[in-house]
Amino acid sequence: MKVLFNGRLMERSECAVDIEDRGYQFGDGVYEVIRIYNGSLYTLDEHIARFFKSAAEIGIVLPFSEAELKGELKGLIKANQVDDGGLYLQATRGTAPRKHQYKPGLTPQVTAYTFPIKKPVNEQENGVSVITEDDLRWLRCDIKSLNLLYNVMIKQKAHEASSFEAILIRDGFVTEGTSSNVYAVKQNVIYTHPASNLILNGITRRTLLELFRKNGWQHEEKAITKDELMNADEVFISSTTAEVIPVTVIDGQNIGTGAPGPLTKEVQKALQDNILSETAKVL
Ligand code: PDD
């Protein structure tokens with residue numbers, strides 16, 4: 001299995017990161033998770049643009065162009081002959097003697113590897129239970145930063161409660177999941193939190209908003225209260241790895257009928273059609 005290490009393809013076992021890498025010590029870096037379908041990187045342009053934007057937001061200047069990086073990632077999936085799976089990409093600020101402050105101009109450490117993904121078919125078909133938790137994260141959730149401590153703590157709590165995800169609530173309003181965006185349907189209108197500093201503007205979220213428009217499904221980018229969430233007709237979550245998963249139970253209470261809703265199923269189908277058309281094998 002090959003990995004990309006600062007632009008070079010090498011065996012994973014040959015890849016060594018310094019003990020004073022700032023990503024390792026401070027979480028000082030950014031990342032992306034990209035889905036591979038039919039041997040091609042789905043919504044690659046959007047992921048790479050967000051990667052550069054996240055890096056720029058924290059003052060990391062990547063020493064290559066978006067086009068160069070895309071070429072390297074395509075080389076990686078070719079080298080590993082991945083037809084279906086995931087790609088993880090991260091950049092840290094680089095290596096330096098440990099101090100909170102840094103000297104500008106460190107060489108970023110950029111790594112990428114591919115990994116298998118089991119499509120969550122059962123969850124997509126039958127829906128999942130989730131819990132709600134206070135959103136105690138910082139106020140720059142729009143940056144896809146390596147600092148995921150609160151997300152990790154709360155996802156673990158959900159897992160230990162046999163729940164698939166935790167939906168986060170800030171000041172009474174639903175923001176997003178620990179690793180997903182959240183949507184609620186009420187009287188055929190789909191609500192999701194606006195793209196602000198309080199959520200990560202998911203690439204799947206952006207694709208879905210486009211599909212809502214194309215299909216004429218009424219939608220509003222508007223924060224809803226926890227009460228509105230609990231009383232929604234349908235709830236679903238989205239992410240690169242989850243795609244679209246219906247939420248049928250929240251904090252032990254059924255949502256709507258307690259089964260995946262009709263609009264959620266249409267959204268799922270629209271996303272699958274989009275994936276197929278965007279990643280269809282070129283013969
Ligand atoms: N997580 N919100 C948060 C906090 C996330 O971590 C993610 C993705 C999303 C959905 O974004 P996208 O549609 O671009 O995947 C929303 C990735 C998959 C992860 O950390 O594994």
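Thr 240 has a polar side-chain atom 2.5 Å from an oxygen atom of the ligand. A polar contact here is a pair of N or O atoms within 3.5 Å.

| Residue | Part | Distance to a ligand oxygen |
|---|---|---|
| Thr 240 | polar side-chain atom | 2.5 Å |
| Tyr 31 | side-chain N or O atom | 2.7 Å |
| Ile 203 | polar backbone atom | 2.8 Å |

The protein covers 89% of the 470 Å² of accessible area that the ligand has on its own (Shrake-Rupley method, 1.4 Å probe).

This is a predicted model, where local features need pLDDT of at least 70 and side-chain atom pairs pLDDT 80 or more, while totals for chains, interfaces and linings use all residues. Residues are numbered from 1 along each chain, and side-chain values use heavy atoms, without hydrogens and water.

The ligand is surrounded by 18 residues (a heavy atom within 4 Å). Glu 176 and Thr 204 are among the closest. Domain 1 (2–115) and domain 2 (121–278) both give residues to this shell, so the ligand lies between them. The domain bounds come from an automatic or database assignment.

Notes: A polar contact is a pair of N or O atoms within 3.5 Å; within protein, one must be able to donate a hydrogen and the other to accept it, and residues adjacent in sequence count only if both atoms are side-chain atoms.
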